[in-house]
Amino acid sequence: MQAFIKFGKKLAKSVAYIGAVITALMMFLTVADVLGRRFFNAPIPGAFELTKIGLVMLVMFGLAHAQAEGENIGIEILFDKFPKMFKKILEVLINIISIGLFVVVFLNVFKYAERVARSNQITSVLRIPLAPWIYVSAIGVGFLILLLVFELVRNSYNLKEYIRMKASGELPDAADEKGAMPQ
Amino acid sequence: MSPELIGLIGIIALFVLMFLKVPIGFSMMIVGAVGYAVIISPTAAAAKLGTDLFNNTHNYGLTVIPMFTLMGMILGHTGLGSDLFKGFNAWLGFIRGGLAIATIATCAAFAAVSGSVIATTATIANVAVPEMRKKHYHDTLNAGCVASGSTLGILIPPSSVLIIYGLLTEESIGQLLIGGVVPGLITAGLLALTAYIVVRIKPEMAPETYKAPMKEKLQSIKLIWPVPVIFLISMGGIYLGYFTPTEGGAIGAFVALIVSIIGKRFSWKGFGDALLGTVRIVAMLMILLIGGVVFGNFLSVTKIPQWLGTYFIELPPFVLMLAIFTCYFIAGFFMDAMAILIIFTGLFYPLIIQAGYSGIWYGVVTILMLLIGFLTPPVGIVAIVTSGITKIKLETVFKGVIPFWIALVLSTFLMIIFPDIVTFLPNLMAK
């Protein structure tokens, strides 16, 4: 199970590296544009458009990594007070709801990309077609769904183990409060 | 069922999901989409989810976030926090409680190149607390200074939260960032004054002083110079209209990179980590922001903001602000700052504009109200992070924060009573 989770995190991180390279390129492009405009009267044509597309890429390729590193936080104040079993069940349910949400998002981003592709929308200066970037956004959401599925498998496994240990009496009752369950 | 009632049920559902630990951005998307589906139609709600994700990310205004985040990340990896602290300590150490004041000054300076409270806390807590302990400062004071000083991270520009406020309300991001400068300096001053007063009342909190020789003071300038330079170039350029906030951020990040190379602190690993950290944070913020947009779409079709408007608009302005402050104050006890920002901005911003207030001013006041929440038990995230990093007990941190918390409340009321403190710089800029 550990290796499985590690693989999921690694995959998300590898995808995020694409976003990291794009971030660096956005910075250099913007600086070059400003310097060109102010000092040489030669701005980079379409720099704004490229920066906007860059942002889309960096966000979409970062979605899974942010989730893997626990950046998408929830409020824990009440959750911490719940019994251990309830917490484990809730974690699985949250995974299922999140997957449901992003599957709907994924399908609709895809549909949107098809609409944009049909109407041949392009950017105004460089005349770059917009549809491919929307497809890429859908792929980014796809990676997030994949990571959520990994998390679902892990949390279901944890729940199953917890139930098994509890049933076989391996888990003392006190563990319910102190969270002695191995992750 | 009337849209208002559906809206109310939606708001309750949002709280239920959030308190069941469903990530905040996800909760807002779920409730927003379902609510929109109920009031308008499921097809429209689903299609909107698809377009909202791309169209809100494919937005030039937002590109400012990765640039300023990167700037802070690069500098965070160069050991700037420690340099700043040494520098300020050399100049302020002779005062009783000087290290405490130096800590707050370090936070303020770091905040000028970082837009995140957590990054500021993590950096400064590691640097300042061990030094303060060496001089036998009391942990209550140490924790209070670090936790309260770190909140300046989102008040003094660049500020990720001010930028998000700007995107939610379509206020000028440049003006918002500049609007944070004077309130940030005043708040930093009030926090420093608080540290001084605390030490005057309880001298045992800070038993030792340190008088640095002139040579050390001069040398310290070598450590501090990147901050004013980077701040003046990026914010100065935005203020003077030389470039957009995004360009200011990119140039700031670029100069930070050059500074790290000149200072022989550049490493490919550090740069890679800074880039990856930026991607992670921006993706997280975007999920929140898109959640906010989806939830906002829902709120606007429920007509709740208009409904609130008809009731609240009758209130005298000061009472209205007091009512809003109370809402932030109560929410601060149990909710995450970003969630409060997104939900409350959608509810209250239209009211504020209707009442004739400046949106820029309200943005800065909102930040101040959020800062207070950062330090309020039980979920005061900055207090929790401070405790986590320094291993000072959470109760001690909360206790240490109290006098500084009062200073933050005072500062907020100052900005509410004298709005010109916030608006005069951005107004000059507009001309």
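What is the accessible surface of chain A, and what share of it belongs to carbon and sulfur atoms? The accessible surface of chain A comes to about 9300 Å², and 67% of this area belongs to carbon and sulfur atoms. Accessible areas were computed by the Shrake-Rupley method with a 1.4 Å probe, and for residues only the protein chains shown count as cover. The structure is a predicted model, in which local features need pLDDT of at least 70 and side-chain atom pairs count only at pLDDT 80 or more, while totals for chains, interfaces and linings use all residues. Residues are numbered from 1 along each chain as its sequence is written, chains are lettered from A and ligands numbered from 1 in the order in which they are written, and side-chain values use heavy atoms, with hydrogens and water left out.

Chain A contains five helices and zero strands, where helices (H or I, at least four residues) and strands (E, at least two) are DSSP runs numbered from the N terminus. The order of its elements from the N terminus on is α-α-α-α-α. The C-alpha atoms of chain A occupy a box of roughly 75 × 40 × 30 Å along the principal axes. Of the 183 residues in chain A, 46% count as buried; buried means under 20% relative accessible area, exposed over 50%, and partly exposed in between (1.4 Å probe, protein chains only). Among chain A contacts (heavy atoms within 4.5 Å) between residues at least 6 apart in sequence, 72% join residues at least 24 apart. The chain carries 20 positive and 14 negative side chains, and the centres of these two sets are 7 Å apart. In this count Lys and Arg are positive and Asp and Glu negative, whereas His and the chain ends are not counted; the place of a charge is NZ of Lys, CZ of Arg, CG of Asp or CD of Glu.

Chain B was described in the corresponding terms. It has 22 helices and zero strands, and its C-alpha atoms fill a box of roughly 75 × 45 × 45 Å along the principal axes. The radius of gyration of chain B is 22 Å, which agrees with the value near 22 Å for a compact globule of 431 residues. Buried residues make up 62% of the 431 residues of chain B. Where contacts in chain B link residues at least 6 apart in sequence, 80% of them join residues at least 24 apart. The accessible surface of chain B amounts to about 15500 Å², with 70% belonging to carbon and sulfur atoms. Chain B has 22 positive and 16 negative side chains, whose centres lie 13 Å apart.

The largest nonpolar core holds 206 residues, and A:Phe102, B:Leu141 and B:Tyr362 touch the most other members. Its largest share, 18 residues, comes from helix α15 (residues 268-302) of chain B. Such a core is a set of buried Ala, Val, Leu, Ile, Met, Phe, Trp, Tyr and Cys residues joined through side-chain atoms within 4.5 Å. In soluble globular proteins, nonpolar side chains tend to be buried together. Beyond residues up to four places away in sequence, A:Phe102 touches residues of both chains, including A:Val141, A:Leu144, B:Phe26 and B:Ile287.

Apart from residues up to four places away in sequence, it touches A:Ala20, A:Thr23, A:Ala24 and B:Leu70. B:Leu275 and B:Pro66 are 209 residues apart in sequence, yet their C-alpha atoms are 9.1 Å apart in space. B:Asn297, likewise in helix α15 of chain B, counts as buried at 18% relative accessibility. Its contacts, leaving aside neighbours within four places in sequence, are with B:Tyr36, B:Lys48 and B:Asp52.

A:His65 lies in helix α2 (residues 47-68) of chain A and counts as buried at 1% relative accessibility. Not counting residues up to four places away in sequence, A:His65 touches A:Ala12, A:Lys13 and A:Ala16, together with B:Leu276 and B:Arg280. B:Gly72 belongs to helix α4 (residues 64-76) of chain B, counts as buried at 11% relative accessibility, and touches B:Val113 and B:Ser114 when residues up to four places away in sequence are not counted.

Conventions
The radius of gyration is taken over C-alpha atoms; the globule rule is 2.2 Å times the number of residues to the power 0.38.
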